[in-house]
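Visitor: I am new to this structure. Please show me how to read its features, one at a time.

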Amino acid sequence: FDSEGANTGGIYDPGSGTFMAKIEKSGVFNVALNEKDFSDIKKEHSQVQKAIKALASKGVINGRTPTEYEPSDKITRAEVATLFVLALKKLNANADGGFIDVKKSDWFFGAAGSSKNQSLIAGYEDNTFRGNTNIPKAQIISISGRVLANEMGYTPPPEDEEYPYKFKDDSEIPDWAIGDIYLAEFAGIVSHRVDGLFDSYEEMTRGNVAVLIWNLYQRIW
């Protein structure tokens with residue numbers, strides 16, 4: 001936390017025994033125990049529980065209520081945009097993305113604008129953001145690939161080279177997303193399914209996306 005009480009997030013490096021966080025200005029910072037938990041995640045897989053609690057403690061995610069996260073619910077484009085810009089510490093509450101369906105009074109106004117400014121979510125061809133629409137897997141993983149490219153300088157494999165791993169339903173992955181998706185796969189962000197499918201249009205749950213964001217978070221800090 002900084003001197004004004006803002007949660008700066010970051011991670012602990014056990015090798016050096018130090019904490020690392022991205023900060024915008026120098027100052028005095030304090031390390032504090034900030035455990036978060038939700039009453040409705042007890043039956044979730046331990047990996048899901050860990051991701052939710054870790055990201056909540058760092059101020060990246062919130063529950064639908066103070067006590068419930070609702071891990072099995074589908075996740076919307078507005079929620080995903082908010083998660084990514086908070087994880088990157090690049091949320092500008094006044095950022096205007098110019099979307100025709102986003103009003104300044106919308107709770108995700110700044111997240112929508114910030115995600116566009118960070119080249120994460122461009123919106124649709126009709127200049128809509130569609131914040132309340134459940135977001136499919138291909139879009140979420142594609143955003144993850146863009147984060148790796150923007151923050152870590154990763155580059156997708158050349159189009160004329162064979163990807164090291166092939167999904168059985170490659171032909172159903174949108175052309176605009178395939179490079180970003182394989183970049184995320186190469187970085188270990190994508191969990192491989194037993195059936196070998198990617199399932200581009202699957203609507204991911206809030207619990208699954210928490211695991212994805214936590215895996216990504218640890219690679220960009």
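This is a predicted model: local features need pLDDT of at least 70, side-chain atom pairs count only at pLDDT 80 or more; totals for chains, interfaces and linings use all residues.

Guide: Residues are numbered from 1 along each chain as its sequence is written, and side-chain values use heavy atoms, with hydrogens and water left out.

Visitor: How much space lies in the largest pocket?

Guide: First the idea. On a 1 Å grid over the protein atoms alone, a pocket is an open set of points with protein on both sides within 12 Å along at least five of seven lines; a cavity is a set where a 1.4 Å probe fits but cannot get out; lining residues have an atom within 4 Å of a point. Points are joined across faces, edges and corners, and a volume is the space filled by probe spheres set on them. Here the largest pocket holds about 680 Å³. It has 26 lining residues, and Gly-9, Gly-10, Phe-19, Ala-32 and Lys-58 are the closest to its centre.

Visitor: Which elements give two or more residues to that lining?

Guide: Helices (H or I, at least four residues) and strands (E, at least two) are DSSP runs, numbered from the N terminus. Strand 1 (11-13), strand 2 (18-20) and helix 1 (46-57) each give two or more residues to the lining of the largest pocket. Helix 1 has the largest share, 4 residues.

Visitor: What does the lining of the largest pocket have by class?

Guide: Ala, Val, Leu, Ile, Met, Phe, Trp, Tyr, Cys and Pro count as nonpolar, Asp, Glu, Lys and Arg as charged, and the others, Gly among them, as polar. The lining of the largest pocket has 13 nonpolar, 7 polar and 6 charged residues. The second largest pocket, of about 560 Å³, has 8 nonpolar, 6 polar and 7 charged. Asp-2, Ala-6, Thr-8, Lys-22 and Glu-24 lie nearest the centre of that second pocket.

Visitor: How many cavities of 30 Å³ or more does a search of the whole structure find?

Guide: The search finds 1. Phe-84, Ala-87, Leu-88, Val-147, Ile-213, Leu-216, Tyr-217 and Ile-220 line it. By class, these are 8 nonpolar, no polar and no charged. Helix 6 supplies the largest share, 4 residues.

Visitor: Which residues have the most contacts inside the largest nonpolar core?

Guide: A nonpolar core is a set of buried Ala, Val, Leu, Ile, Met, Phe, Trp, Tyr and Cys residues joined through side-chain atoms within 4.5 Å. Buried means under 20% relative accessible area, exposed over 50%, partly exposed in between (1.4 Å probe, protein chains only). The largest core has 57 residues, and Val-60 and Phe-129 have the most contacts inside it. Helix 6 (206-220) gives the most to this core, 9 residues. Contact means heavy atoms within 4.5 Å. Beyond four places in sequence, Val-60 is in contact with Leu-55, Leu-83, Leu-86, Ala-87, Ile-213 and Tyr-217.

Visitor: Why is helix 3 largely enclosed by the rest of the structure?

Guide: Helix 3 (residues 109-117) is largely enclosed because 7 of its 9 residues are buried. Helix 2 (77-87) is part of what covers them.

Visitor: How are Phe-99 and Phe-129 placed?

Guide: A pair of aromatic rings is described by the distance of the centres and the angle of the planes. Rings of Phe, Tyr and Trp (its six-membered ring) pair if their centres lie within 6.5 Å; planes under 30 degrees apart count as stacked, over 60 as edge-to-face and the rest as tilted. The structure has 8 aromatic pairs. The centres of Phe-99 and Phe-129 are 5.1 Å apart and the planes stand at 45 degrees, so this pair is tilted. The two residues are 30 apart in the chain, and both are buried. Phe-99 and Phe-129 form one aromatic cluster with Trp-107 and Phe-108.

Visitor: What phi does Asn-127 have?

Guide: Most residues other than glycine have a negative phi. Asn-127 has a positive phi of about 65 degrees. Arg-130 has a positive phi too, near 60 degrees. Asn-127 is partly exposed at 28%, and Arg-130 is partly exposed at 33%.
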